[in-house]
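Here is a friendly briefing to read alongside the model. Please have the sequence and the 3D view open as you go.

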Amino acid sequence: MTHRKKLEDDWETETSSDSDDSDDSDDDNEMARNMEIADDFSVPNGRQGMGHGRFLVHTGSGRQLNPQYVQVQHPQGLKGKAAADYWRNYGRMKKMAAKNEKAMHGTSPKKDKKAKMEDKKERRRLKMEKKLQNKDPTSFPALLLPDKIRQKIDETVDTFNKYRREQQSLKKKKEQQAVVEDLSPPVDEEVDPEAMGASEDQYERMREIAPVAQQIRMAFPKVPTKSDIDESRIEGLSMTYLDELSQKQSNLAYQEMLKFRRKLPAFQVRQKLLDTIENNQVVVVSGETGCGKTTQLPQFILDDWIERGDGGRCRIICTQPRRISAISVSERIAKERAEKLGKSVGYQIRLEKVMPRETGSITMCTTGILLQWLTGNQDLNKISHVIVDEIHEQDILSDFLLIILKDLRIRRKDLKIVLMSATMNAEKFCAYFDDCPMVHIAGFTFPVQQLFLEDILALTNYVPQDNKIMKRPPKRQNDPEWNNFMLSLRKKNLTRKVLETLHDFDESIVDFNLILTLIRHIVKTTPEDEAILVFLSGWEDIKKLNTLLEGAFGSGQRGSRFLVIPLHSMMPTINQRQVFERPENQRKIVIATSIAETSITIDDVVHVIDTGKIKMKDFDVARNISTLTAQWVSVSNAKQRKGRAGRVKSGVCYHLFTSYQYNLLEPFPLPEMKRTRLDELILQLKLLRLGLVQPFVEKAMEPPSHEAVVQALDLLKLIGALDEEENLTPLGSLLANMPVPPQLGKLMFLACIFQCLNPILNVTAVLGYREPFCTPLGKEEEARRARNSFGAGLSSDHLTYHEAMKDYVDCVIKDGHNAMKYCWDSYMFNTTCVQLLKMKKQFAYILQSAGFIKNADPMDGYANHNSGDDDIIRAVLAGGLYPNLGTVKRPKNKHMSVPVLTQNFADKICVHPKSILSRQNEAEGIVVFFTQVKTSKIYIHDLTLLKSNLPVALFAKRSTVGKKKSTVVATIDDWLQLKCIGPGTYQSVEKLRNALDEICLDFYQSPPCQKLHIAEAIDSNQERLAAANSIIKLVIECFRFKTSA
């Protein structure tokens, strides 16, 4: 049966089975468009055709479609407008025919497009696999070891193995002797394994890793456990706190703040809140921004307990999702209580703390800090209240904490749990905690008028000039709901011009000229002191609008009536401070991303322009990559943006999308647990001994996918953090206590072993936080040159970060140069550099406490013996960031993006233009990286080119060897192929790898710099280190040899 005959038969079957005659006007319009195209698609001037095509078009309406084929001949000799018109009509016909073909088979165009994309990726993957299979092995990256080094490997490893066998034999004899004498090895703490839900084997493993875990936990701030305060003194303390509160009644500062507090909406429901909390274990408190719930509720509880004479038993922990919030809220509460921080109010965040008194107090902390406390105090003993703020954001740590608290409430019947949320989704948290009660607090904002795209077009009479914007989205061409919406607008007396513009307006594209037109309208019709806040999705959009405003208003020039302030993490902090100032005789225009929704408050903003777009970080499980793409905001985001306009007076929010699109928005953003990697979360879960991963995460309000869990488990097993039964290994126990992703934690431990600590701590701090470079608008090229000057000739973004931080320390810390001037000249953030140095100190302190370095100085000479050797640093980066490997090859055209081949063949991946390797045309070979993110393309942001291929073979956990066309080929992770030059090269590498694995495992179990007090143990440790150092020195010697030659 021919394809045409099959289509006609399908059509006849469909029409005969359904005789519904539809008079739908949409189908009539569709028919008219099809016939119009068919009529237009003719050969002009009767010219002879070249080639031909056949297209299916439908005439008729509803289900009574008449399939007709149009036979065409392509004309010859067309020029100018005639050619343009012909090929435009040809394109329209081709698209319409494709759509009609799909309609005949009932296929969704959207699904069909997605299927085609997946099919294309699969074909690309198969093509790349075939290409690798057929590739000449002589072109593979080389693995070369000279005979002298191979011989040395054999001798040194044999000696090491002999020492290990002797030690194992000696250990076995001691164990047998202990059995004979009926002695058991000493244990720090006996725990019933059955009570913990663990088997005997699992419990034995926990006993093995317990000493190391205990050592590393000492590096963290004191966990609030059992109080040293005697029970008999608690009543005395309660009376003292009551006296202090009574004395404040005569304090003028306290009374002034109390007057302000009484005006807040939260104060109006104070007694209702206290009664509900007293009579229920879990309570949800909902309230709009500005109602006072965050600052007032902890004080209500504390003062109530003090007034009842129980202040000595009250200890409140309140979590915040952001560091800045924990500090600012605690400072505000202390001010309202007429106290200094550290008395009844304090805070604790990473790297910083001002702790309050042990009882009768409020502690603000980040969610991560409370989770860290739980590792040593699983029942939160001596904590009376836990308040979790901003739960509506559903960040991954808050959702994780809610699972734990839901289970903890059963064991701690006296623990009060208060969950604070925005009003939008508070009910689902009540349902999660078995329909617990909710108390609502009214908002305290001024009224804000909402205008949508249809109102804005009517207000400004704007007509887009860009053809891309005036192109109606295909999905709306036959959407009855959209047509009904357009009909409803006619009743609003909108002009024909506005309706025609709106009909074809593609609101998914940000129209910067519309923003400019709207700002001009606001400037003409409102007072100058009313600031304007524009929400955009990202840095590129901010740059584009800033350039447009500079050209239109002359902002940035002396004497300008306009002050345009871009607000983004890429901008210098000194510029962003202007956001909070009120300029005289200038209109302030702030261009920001979603950071201005909740993190900061700009008091003088009256006008908000919302483009409706946000860049949301997501995780593509199938591709194993993070994505950062612009998408529609949720309703909750839109409401937050609207609320920015009503802080000090009535305002206006201009949504650059229709009210129709507003009704299509998702109610809330996707919870972070469903759109992020889970490896850090799983390590925390294991550290808290909460059982198997999948059953635990299924308790979450909105659990992650099974595939995401499996992928995270596979990674943790691959890097050696978990065994096959999901138990923490000695390395895993160490990584779970590190405040960084597991790969970065492993990177630091390898740096201790190979004595290159300072460079790796610089790299880890940057990858774990953010890079120190900034890019002022208008100076992008100067910033790029400054950045590249630090990495000249290094072919490594990671070493570029190290050189930048090293130069900062040398110039600012050692030589005493002005920090702000240095950073301004070097296009760096001073505040970021200071934070990175603090992180380095914290990392060093943790490593010292764990017994991996002798002191907590990152610059210590012993720990940095090899810090000046780039080859060693590159090798350690390969071991720590494994399995993130790729290969780069220079494109023929220097203006093209540099491609990267990784294990994921299906996707085209490129070096990010910001990377140092995007400009160094000579760099080719194997690279190691930390992150790959999908924006407009899939980019790798940070790379290091390996000068030796040996680290790849030495640190890889999955490798095989075989012959290909008489060449010995080692295959890493089933895709990366290395040709082994010389007899026995791979066998020598494998022998050295096994010895190195044993040493690393031994160090993870018994760190090299642990404090020992028994002479016999000290002597034994020195022998062990001497044997290990012989292997480490040999590995270092191999790293220095260019095995890729």
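**Overall picture**

The protein has an accessible surface of about 49400 Å², and carbon and sulfur atoms hold 50% of that surface (Shrake-Rupley method, 1.4 Å probe; for residues, only the protein chains shown count as cover). This is a predicted model, in which local features need pLDDT of at least 70, side-chain atom pairs count only at pLDDT 80 or more, and totals for chains, interfaces and linings use all residues. Residues are numbered from 1 along each chain as its sequence is written, and side-chain values use heavy atoms, with hydrogens and water left out.

- The secondary structure amounts to 38 helices and 29 strands (DSSP runs numbered from the N terminus: H or I with at least four residues for helices, E with at least two for strands).
- Of the 1045 residues, 52% count as buried (under 20% relative accessible area, with exposed over 50% and partly exposed in between; 1.4 Å probe, protein chains only).
- Taking contacts between residues at least 6 apart in sequence, 75% join residues at least 24 apart (a contact means heavy atoms within 4.5 Å).

**The nine-stranded sheet**

- Nine strands make an open sheet with mixed pairing, in the order β17-β18-β24-β25-β22-β21-β20-β23-β26 (two strands pair if DSSP finds at least two bridges between them).
- At the edges are β17 (613–620) and β26 (943–945), each pairing on one side only.
- On average, neighbouring strands of this sheet are turned by 35° against each other, direction ignored (axes are lines fitted to C-alpha atoms, for helices over the stretch in contact; angles run from 0 to 180 degrees between N-to-C directions).
- Helix α32 (residues 797–814) packs on the sheet, where it touches β23 (925–929) and β26, and its direction makes about 105° with that of β26.
- Strands β21 (residues 899–901) and β22 (residues 909–911) pair in the antiparallel sense over two bridges, and P899 has C910 as its bridge partner in β22.
- Strand β24 (residues 932–934) contains Q932, which is buried with a relative accessible area of 14%.
- Leaving aside residues up to four places away in sequence, Q932 touches N624, I625, S626, I909, I938, Y939 and I940.

**Aromatic pairs**

- The structure holds 19 aromatic pairs (rings of Phe, Tyr and Trp, the last by its six-membered ring, with centres within 6.5 Å; planes under 30 degrees apart are stacked, over 60 edge-to-face, and the rest tilted).
- F749 and F852 form a tilted pair, because their ring centres are 4.8 Å apart and their planes stand at 50°.
- This pair links distant parts of the chain: F749 is in helix α29 (residues 742–753) and F852 in the loop between α34 (830–849) and α35 (870–881), 103 residues apart.
- F852 also forms a tilted pair with Y1004, at 6.5 Å centre to centre and 40° between the planes.
- Y1004 belongs to helix α37 (residues 985–1005) and F852 to the loop between α34 and α35, so their pair ties together parts 152 residues apart in sequence.
- F749 and F852 are both buried; F852 has 3% relative accessibility, and Y1004, at 6%, counts as buried too.
- One aromatic cluster is formed by F452, W632, F657 and Y662.

**Charges over rings**

- R357 lies over the face of Y241, 3.9 Å from the ring centre (NZ of Lys or CZ of Arg within 6 Å of the ring centre and within 35 degrees of the ring normal).
- K406 places its charged end over the ring of Y432, 4.1 Å from the centre.

**A mostly covered helix**

- In helix α13 (residues 367–376), eight of the ten residues are buried, among them W373 and Q372.
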